[in-house]
Amino acid sequence: MRWRRDGSLRWSLIWRLMTMQSVVLGVICILIVGVLYWTGGLLTLESEDQVIGVLQKAVDRDAKGGLVLRPTPELVSLRKKVPGLWFVIRDKEGHSLSEGSVPPEFSHIGDSLDAVSQARLGWQLGDPPRPNAVMRWSKTSAGRVQILTGPGGKVRLRAALLAIVIVMMTYIGPLLILMVIATLIATPIVIRNALAGLGAAASEAAQIDIDQRGTRLSVERVPAEVRPLVKAVNDALGRLDEGYERQGRFLADAAHELRTPIAILNTRLESYPVSPENERLMEDVSRLSILAEQLLDLERLNRGGLRLLQVDLVAMGERVAADLAPLAIAAGYRLSFDALRRPVMVMGDRASLERALINLVQNAIEHGGRRGMITITVRPLGAIEVMDEGPGIPAADRERIFEPFYRLETRDRGVGLGLNLVREIVELHKGSVVAVAGETGGACFRMTLPLSGESTAN
C-alpha cells in the first residue's frame with residue numbers, strides 16, 4: 001500500500017477506520033440475519049420453504065379430481081432425508097391430502113387461512129418452544145393449492161449465504177458506502193486540524209539556524225502524544241546552544257590569552273638585530289597575532305555585535321592601505337590604492353568591514369608570491385577588490401577557499417580562517433564575496449556590499 005511506503009498517518013488512519021467499520025458492519029449483518037431468523041421476520045431462511053418448493057412441483061390431480069403427489073426425484077430424496085416430514089395440501093374445493101405426523105396445532109388451521117396468501121406460524125422470542133410451520137398458496141399443475149408444512153431438515157449453506165448477501169446489499173451495503181465516503185472526507189480534515197500545531201513546529205524547526213541560537217519549538221498546539229518528542233527536541237537544542245556557547249567562550253578566552261605572549265614575543269624580536277631569520281620570525285609572530293584576532297572576530301560575529309552605520313569604502317580602503325603598506329613592502333610587494341575621489345557609502349559595521357578587508361590584503365601578502373603589485377580598488381557600486389600578481393587560484397577551488405580550515409596546499413602555514421571570516425562578515429551585511437582571476441593572472445577577491453541611501457542619491 002502506498003501509505004505504508006510513504007508513512008502517511010492520514011492514509012494509515014483511513015485504512016484502519018475502514019477495516020474496523022467493515023468488521024463491525026459484518027458482525028451487525030450476521031446479527032441481523034440471526035434476529036430475523038430467530039423472530040420469523042422479513043428474512044425467508046427456514047427449510048420449510050425448500051419443502052414447499054418440492055411439493056409444489058410434485059402435486060397433481062387424479063382421474064376423479066382429487067389431489068395426489070407424483071413421486072418426483074426431489075420428493076423421494078426429501079422423504080429420505082427428513083424422516084419426520086409432515087405437510088397438508090388442500091384446495092378451496094375441499095380436496096386435501098396429508099403426510100406425516102401433523103401437529104394438532106396445525107391440523108385444521110389451513111381452513112381459516114383461505115384469505116391469507118402466505119404466513120409463518122410458530123413461536124415468538126420469549127414464548128415456550130412449540131412447532132413451526134409455513135403456509136403458502138402456490139400455483140401447481142393441480143391449480144392453486146394451499147401447502148402447509150413444518151421443518152424440512154437443515155438449511156442449506158448456500159441459502160444461508162444468499163440470505164446474508166441479501167441483507168448486506170439491502171441494509172449494510174448502503175450504510176458502509178456512506179461511512180467510507182464520510183471517512184475519506186472527514187479523516188483528512190480532522191487529522192489536518194489535529195496536527196496543525198505539529199506542522200507549525202516543523203516550520204519553526206526548518207528555520208533554525210546556527211546564527212539564531214535560543215530558538216525553541218512551540219508546544220502550545222502540538223498534540224499531547226507528540227509533545228514529549230517536541231520537548232525532547234527543545235532540550236537537545238538547549239544542550240547544543242550551551243555547548244556552542246562554551247566553545248565560543250573557550251575560543252575567545254584562548255585568543256585573549258594568546259595576545260599577551262604574542263605581543264611580548266614580538267617586542268623581543270624587534271630588539272634583535274635585523275636579519276633574514278629575524279624577519280621570518282617576525283612574519284610568523286604576525287601570523288599568530290592575526291590568528292588570535294580572527295578568533296576574536298569570529299566570536300564577536302557569533303554574538304551579533306554589529307553596529308550598522310554609514311561606512312565610506314574609500315576612507316576605509318585608504319586606512320587599510322596605509323596600515324598594511326609596511327608589511328607588504330617588507331614582504332617584497334608594492335601596494336597600490338585606486339578609488340574615486342567621492343565617497344562610496346554603504347551601511348555596515350566599520351570595524352568588521354575593515355577586518356574583512358585586512359584579511360584579504362594579508363591573504364594577498366601571504367599567497368601572492370612575494371613579488372609584484374597588490375592593488376586595493378574601490379568601485380562606485382559598493383564593491384572593493386584586492387588583487388595580486390601571484391600564481392592565482394584554480395577555478396575548481398575558488399568556492400571552497402571560503403570554507404573554514406580549507407587550504408590550497410598542505411604545507412600552507414595558514415589555518416584557513418581568514419577567508420571564511422571575510423565571507424561571514426560580508427553575508428551578515430547582506431553582501432557577497434567572490435574569487436576571480438586577476439587582470440595579470442593572479443587572484444582577485446571582490447567584496448560587494450549594498451549601497452546606503454546617500455550613495456544611491458549620489
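Which residues form a nonpolar patch on the surface, and how much accessible area do they have together?

Reply: This is a predicted model, and in it the nonpolar patch on the surface is formed by W11, I177, I181, L184, I185 and I189, which together have about 560 Å² of accessible area. Helix α5, which covers residues 157-194, gives the most to this patch, with five residues, and I185 is one of the patch residues found in that helix.

Elsewhere in the chain, a contact between helices can be set beside this surface feature. Two packed helices are described by the angle between their axes and the distance between the axes. For helix α9 (residues 313-330) and helix α10 (residues 350-367), the angle is about 35 degrees and the axes lie 10 Å apart, while the crossing of α9 and α10 is right-handed. On the α9 side the contact involves M316, G317, R319, V320, L324, L327 and A328, and these meet R350, L353, E354, L357, I358, V361, Q362 and I365 in α10.

In one of them, the side chains of R79 and E99 meet at 2.8 Å, N to O. This pair links distant parts of the chain, since R79 belongs to helix α4 (residues 73-81) and E99 to strand β4 (residues 96-99), with the two residues 20 apart.

Key:
Residues numbered from 1 in each chain as written. Predicted model: local features only at pLDDT ≥ 70, side-chain atom pairs only at ≥ 80, totals over all residues. Heavy atoms only, no water. Axes fitted to C-alpha atoms, helices over the stretch in contact; angles between N-to-C directions. Helix = DSSP H or I, 4+ residues; strand = E, 2+ residues; numbered from the N terminus. Left-handed = near helix turned anticlockwise from the far one by under 90°. Contact = heavy atoms within 4.5 Å. Patch = residues over 30% accessible without salt bridge, like charges linked within 9 Å, V, L, I, M, F, W, Y side chains within 5 Å. Areas by Shrake-Rupley, 256 points an atom, 1.4 Å probe, with all protein chains shown as cover. Salt bridge = Lys/Arg side-chain N within 4 Å of Asp/Glu carboxyl O.
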